[in-house]
Amino acid sequence: MLCAISGEAPQVPVVSPKSGSVFEKRLIEAYVAEHGKDPVNGEELSTEDLINVKSQRVVRPRPPTLTSIPSLLSVFQEEWDALALETYTLQQNLAQTRRELSSALYQHDAAVRVIARLTQERDEAREALSNVSVGAARAGGDAMQVDSTGLPQAVLERIESTQAALSKTRRKRAVPENWASSEAISTFKPTETSDALYPGARALSVNSNGELALVGGVDGVVGVYSLAQKSVVQTLQTDGPVTDAKWAGEKAVVGSATGSVKVFENGAEVASFKAHAGEVTAVAVHATGDIVASVGVDKSYVIYDLATNTVASQIFTGAGKNTSSIGQFGSNANEFRTALLSVNFHPDGHLIAAGGADAQVKIFDVKTGAAAADYTMSGPVKSLFFSENGTFLAAVADKSTTVSIWDLRSSKKIKVLETGSQINSIFWDYTGQFLLTGGPGGVTVQQFSKAAKTWSEPLRSAVPAASVAWGSAAQSIVALNEAGAVTVLAAQS
């Protein structure tokens with residue numbers, strides 16, 4: 001008897017009543033357990049149907065090739081050769097599988113990158129189209145009041161009268177008696193540090209009397225911090241992460257990442273503008289005190305009249321051509337990649353400077369919007385500031401340790417001040433003597449001597465700062481770090 005499955009004599013023979021064939025019991029039980037059929041004719045079969053066959057135990061004869069030691073060695077050698085060949089084949093298959101897996105992973109990574117890039121371009125295109133649609137709709141509305149002929153006559157008259165009054169007295173203006181000296185500034189030390197007020201804070205502005213500071217962060221809240229009481233006395237809520245905030249007299253002007261500029265007075269919102277197609281990056285206050293400018297990622301600067309709470313003008317600076325018509329702003333997503341990052345008015349009010357992500361400092365005539373000068377930096381223009389004497393412009397590039405200073409009369413770079421640490425913010429004092437810088441590595445004061453035409457450094461402090469400002473009469477320095485904590489540096493008694 002031979003097993004119908006293995007073809008060998010069964011040790012424990014059984015018979016299938018369905019086909020009458022003999023099987024090795026363990027083999028047929030395994031087959032039935034998996035398939036439930038007779039392997040010969042395919043009929044339904046269960047292990048209970050199998051019939052045991054009584055037979056004498058079969059003794060398998062020894063193969064004639066295994067009757068001597070040499071034959072056994074020969075068989076072992078053949079088995080070893082077969083095993084070595086199989087191992088080699090497995091190694092080849094493993095190497096091929098690894099190559100295929102590596103190629104598949106590379107293709108997957110490339111596909112993910114392409115999808116991410118296409119998704120980003122799609123989102124940018126959608127945002128640009130959406131913003132252009134919104135801008136076009138607003139261009140015909142009454143709220144914008146953007147006039148292609150220039151600023152409204154009432155705004156022009158205030159700008160011209162302010163320029164005439166300030167330019168006559170600026171050169172002859174004496175240093176106030178109570179103003180801090182370089183000797184006093186050299187003794188400045190941290191006197192107080194508040195708790196972390198607003199995380200991710202980068203907006204700081206101290207009012208004219210040096211009593212209140214605006215502090216804003218990514219949570220969309222601006223705190224009015226009392227430097228005397230060392231606490232927040234009022235909170236102002238805007239509609240997105242705060243990018244910049246400035247005092248305009250008694251009013252607080254706040255720019256946000258949503259593209260809005262809001263004006264608050266006595267804690268209440270009195271005006272809200274949304275002229276920018278995208279994030280507002282910085283705001284500045286004109287010498288009149290009731291004219292404000294903002295810049296944004298749409299490469300435009302907007303001038304607001306706080307006397308009437310209207311948008312007075314919007315100038316786009318892209319493609320080397322300025323225009324005050326919102327409808328001329330293209331929908332190309334590349335327009336958002338050379339944003340304006342910083343802005344400051346000339347102390348006389350007739351010029352406005354805007355620093356861009358394209359490393360250009362562009363200066364415009366406020367009254368006409370015409371380009372007046374263009375300076376090149378080493379990187380995106382992080383911060384810029386006109387000196388109070390009206391002849392110098394200081395600017396700093398992103399992640400730079402130097403401040404570049406130009407003479408507006410000759411349009412030449414006259415000085416590069418090395419501070420030794422990264423600079424995030426700069427601030428010139430009222431007298432034009434002291435240039436304050438702040439960054440993660442600390443705060444410095446650079447002093448310009450008009451008589452000797454030389455620069456010196458009366459102060460270097462390790463207090464980290466995302467933004468800095470002078471206190472009243474330069475008798476103190478206010479520094480805001482990225483955690484939202486306010487530190488005041490003053491002379492030690």
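Me: What percentage of the 493 residues in the protein chain is buried?
Reply: A residue counts as buried under 20% relative accessible area, as exposed over 50%, and as partly exposed in between, using a 1.4 Å probe and protein chains only. In this chain, buried residues make up 45% of the 493. The model is predicted, so to speak of local features pLDDT must be at least 70 and side-chain atom pairs count only at pLDDT 80 or more, while totals for chains, interfaces and linings use all residues. Residues are numbered from 1 along each chain as its sequence is written, and side-chain values use heavy atoms, leaving out hydrogens and water.

Me: How many salt bridges are there?
Reply: Side chains of opposite charge can pair when their charged atoms come close. A salt bridge here is a side-chain nitrogen of Lys or Arg within 4 Å of a carboxyl oxygen of Asp or Glu, and by this rule there are twelve.

Me: Where do Asp109 and Arg113 lie?
Reply: Helices are DSSP runs of H or I with at least four residues, strands are runs of E with at least two, and both are numbered from the N terminus. Asp109 and Arg113 both belong to helix H2 (residues 69–139), four residues apart, or about one turn, and their side chains form a salt bridge at 3.0 Å, N to O. Asp109 is partly exposed at 36%, whereas Arg113 is exposed at 59%.

Me: Which residue forms a salt bridge with Arg158 at 2.5 Å?
Reply: That partner is Asp305. Arg158 lies in helix H3 (residues 153–169) and Asp305 in strand E15 (residues 300–305), so the pair ties together parts 147 residues apart in sequence. Asp305 is buried, with 5% relative accessibility, and a network of salt bridges links Arg158, Asp290 and Asp305.
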